[in-house]
Amino acid sequence: MDKKTYTITRNQLVARDTYELVLEGDGCIKGEFVHLDIPGYYLRRPFSLCDSSENSITLLYKTVGEGTRKLSTLTGGTEVSVLTGLGRGFNPDACQAKALLVAGGLGAAPLYYLARELKAQGKEVTAILGFNKKDEIVLQKEYEVLCDHVAIATLDGSVGTKGFVTDAISALKPPYDFFYTCGPMVMMKAVCSALEGPGEASLEERMGCGAGFCYGCSIETLRGPRRVCMDGPVFKKEDIQW
């Protein structure tokens, strides 16, 4: 874990209640998520990495409470404290040749980061992205540029398949030897039940320290208690106790 200072270079609305936050700082970082200090709030907020380069990181977040609403008001040039190198991420090496990525809402952010890693390894990537409505869609164009196949599902049918990501999976019947999923728990439970074969899911829990000290994000798995921030947030399909 490292504590670094980053400078906001972009903090803009990209979908309904959803912002893209670009931070510039010292070097490419590792880890599945970062813990961001929001001025005026005691506890840091965890955000999954959407992208990372040699001197910047990109995060997507939705304004759901006072902390994230405050974050949305921060402008370019503002310095923020960031804990990096946190979490156990997806394992791209678990996929042999064909990967299936299934995202719900902002679950599309960490899966985009994974998709870049998979494509760098020369693997075929199919992405299925689920949203409630058209105005909530994020990263569609980015996925279409990067991936071999992309399908969209919306609950109201405004874009792509009408219904859930599982409906899009049934319609597309994509080939895969390993799947990865991130999104609401009810969605990931349905995906893990519907898809055969091995896979990984990224879980979400409220966090205190973000580094495994406080045990505030502990969950029960089939292998016993685990900390989402330290042992996860990514877990193997067969270990998750829904």
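The legends below describe close-up views of a predicted model. In this model, local features need pLDDT of at least 70 and side-chain atom pairs count only at pLDDT 80 or more, whereas totals for chains, interfaces and linings use all residues. Residues are numbered from 1 along each chain as its sequence is written, and side-chain values use heavy atoms, with hydrogens and water left out.

**View 1. The open sheet has 7 strands with antiparallel pairing.**
The strand order is β4-β3-β7-β1-β2-β6-β5, where strands (E, at least two residues) and helices (H or I, at least four residues) are DSSP runs numbered from the N terminus, and two strands pair if DSSP finds at least two bridges between them. The edge strands, each of which pairs on one side only, are β4 (45-48) and β5 (51-52). Strands of a sheet pair through backbone hydrogen bonds, either parallel or antiparallel.

**View 2. Strand β1 pairs with β7 and with β2.**
Residues 2-15 form β1, which runs antiparallel to β7 (residues 79-86) over 6 bridges, and within this pairing Lys-4 has Val-82 of β7 as its bridge partner. The antiparallel pairing of β1 with β2 extends over 7 bridges, and here Asn-11 is partnered by Leu-21 of β2. These two strands, β1 and β2, form a hairpin with 2 residues between them, and Asp-17 in the turn has a positive phi of about 60°.

**View 3. Strand β2 is largely enclosed by the rest of the structure.**
Of the 7 residues of β2 (residues 18-24), 6 are buried, a term that means under 20% relative accessible area, with exposed meaning over 50% and partly exposed lying in between (1.4 Å probe, protein chains only). Strand β2 also pairs with β6 in the antiparallel sense, over 7 bridges, and Thr-18 stands opposite Lys-62 in β6.

**View 4. Thr-63 lies in the loop between β6 and α1.**
This loop is placed between β6 (56-62) and α1 (66-71), and Thr-63 is buried there, with a relative accessible area of 18%. Apart from neighbours within four places in sequence, Thr-63 is in contact (heavy atoms within 4.5 Å) with Asp-17, Tyr-19, Thr-68, Arg-69 and Ser-72.

**View 5. Asp-51 of strand β5 is joined to Arg-116 by a polar contact.**
The side chains of Asp-51 and Arg-116 make this polar contact at 2.4 Å; the term denotes a pair of N or O atoms within 3.5 Å, of which, within protein, one must be able to donate a hydrogen and the other to accept it, and residues adjacent in sequence count only if both atoms are side-chain atoms. Asp-51 is buried, with a relative accessible area of 18%, and, not counting residues up to four places away in sequence, Asp-51 touches Ile-57, Thr-58, Tyr-112, Tyr-113 and Arg-116.
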